[in-house]
Amino acid sequence: MTFIALHVGAGFHSSLKEGQYKELCKRACKVGLDQLNQESDATTAVSEVCKVLEDSHLTNAGVGSNLNSDGLVECDASIMESRSGRGAGIGCISNAHNPIDVARRLLLQSFEQRPFGLVCPAILTGSGSCKFARENGAKIATQDELLSPESKERYDKWSELLTMRAGTNIEFDIECGNAVTDTVGVICIDSKNNVAVATSSGGVAMKYPGRVGPAAILGSGLWVTTTNKTDLSANGSVVNTIAVCASGTGEDIVYLNLASQCANIIADCDENNDEITAIYDWLRKISQHHNLQANPPALGLLSVINTGDFYHMIFAHTTQSMCIAYMNSDQKEATFQISRLHNSNIVVGGASKPARNIGVK
């Protein structure tokens, strides 16, 4: 049994574009399942799905990403797998058509033997990430090729607003209105029960040049861990693999080391403390007690727990909305959902189903 779950951001998703989001998410899931059903490993599949999302102007990743304050595209991406426990991140890359492909190539190089005890970097940023992309076969793109009409329009709008604000007390939220905050994240499980997770982002609009966001940082933007849990009913232990990817206000995600902390919260759960309740209580404490830059906090999480017999999927967000989709090899098409806040500041949902029958509740 193979499985894929993805999100296209925790932020604001216009109901006018819901049909476009639905088509994109279902198409991306289909690409991933086709890869997995052809016996591709989870790491390859998760990268291919992420590339589909990066190529869409609907998302803030790859082509059409938010521009920095100099009017340039600088992207972050990372990937991690359960099989080896390794990951790789790329930050502030400005010449890659698909930043996630560069991160995947960096991960693969970590398995190659190097002379004189040299080791492969886990994270590359700026000129180093661009040099690595050029030297290792990644698809290179110019800044003009990475721009979209929508990203240029957003940049011109924010430039005008920032000019108007100069010397005044006018305040506005750089992430409000029609700003694209749709960082993408993907989690895949292959036929051998390996789990991989990927995330990619263009970062916040008008960010300072050189800013590295959580999508490049292992532990903050994504995480994979394997735990052994005692199962009294089975008179033994159960191996759980937990994968998490995060979205929202990048700096706060970095402060909180959000993805790895979420994985720890899940790992500590048992029959007396379910994952959905634990994550809700944890996010509520964060909202009440942490001195974060975004107030109220703007955080989103997607997690998949693989026990071998069950896939547990959990999503959570404190933002106005979060767009998710998922699909397993028994489904003819992906299930799609835009979760929205209603009477609460936190939404946590998920599933706990046998591997052959997963669904969101």
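Is Cys130 buried or exposed? Cys130 is buried, with a relative accessible area of 7%, where buried means under 20% relative accessible area, exposed over 50%, and partly exposed in between (1.4 Å probe, protein chains only). The model is predicted, so local features need pLDDT of at least 70 and side-chain atom pairs count only at pLDDT 80 or more, while totals for chains, interfaces and linings use all residues. Residues are numbered from 1 along each chain as its sequence is written, and side-chain values use heavy atoms, with hydrogens and water left out.

The cysteines can be taken further. A disulfide is a pair of cysteine sulfur atoms within 2.5 Å, and by this rule the count is 0. For Cys130, the closest cysteine sulfur is that of Cys92, at 8.9 Å, which is too far for a bond. For Cys50, the closest is in Cys245, at 9.3 Å, again too far for a bond. Cys50 is itself buried, with a relative accessible area of 0%.

Cys92 belongs to strand 3 (residues 87-93); strands (E, at least two residues) and helices (H or I, at least four) are DSSP runs numbered from the N terminus. Cys92 is not a glycine, yet its phi is positive, at about 55 degrees. This residue is buried, with a relative accessible area of 5%.

An open sheet of 8 strands has the order 4-3-2-6-5-1-11-12, and its pairing is mixed. Two strands pair if DSSP finds at least two bridges between them. Strand 4 (123-125) and strand 12 (335-340) are the edge strands, each pairing on one side only. From one strand to the next the twist averages 10 degrees. Helix 4 (residues 126-135) packs on the sheet and touches strand 3 and strand 4; its direction makes about 110 degrees with that of strand 3. Axes here are lines fitted to C-alpha atoms, for helices over the stretch in contact, and angles run from 0 to 180 degrees between N-to-C directions.

Strand 1 is mostly covered, with 9 of its 9 residues buried. Strand 1 (residues 3-11) runs antiparallel to strand 5 (residues 184-189), and 5 bridges join the two.

Rings of Phe, Tyr and Trp (its six-membered ring) pair if their centres lie within 6.5 Å; planes under 30 degrees apart count as stacked, over 60 as edge-to-face and the rest as tilted. The whole structure holds 2 aromatic pairs. One of them joins Phe3 and Tyr326, and is tilted, at 6.5 Å centre to centre and 45 degrees between the planes. The pair links distant parts of the chain, with Phe3 in strand 1 and Tyr326 in strand 11, 323 residues apart. Phe3 is buried at a relative accessible area of 1%, and Tyr326 counts as buried at 6%. Together with Tyr311, Phe3 and Tyr326 form one aromatic cluster.

In soluble globular proteins, nonpolar side chains tend to be buried together. A nonpolar core is a set of buried Ala, Val, Leu, Ile, Met, Phe, Trp, Tyr and Cys residues joined through side-chain atoms within 4.5 Å. The largest such core here has 57 residues, and those with the most contacts inside it are Ile4, Leu6, Ile93, Val102, Val186 and Cys188. Contact means heavy atoms within 4.5 Å. Neighbours within four places in sequence aside, the contacts of Cys188 include Phe3, Ile4, Leu36, Val46 and Asn194.

Two loop positions remain. Met206 lies in the loop between strand 6 (195-201) and strand 7 (222-231). Met206 is not a glycine but has a positive phi of about 65 degrees, and at 14% relative accessibility Met206 counts as buried. Pro296 is in the loop between helix 9 (275-289) and strand 9 (299-306). The peptide bond from Asn295 to Pro296 is cis, with omega near 5 degrees.
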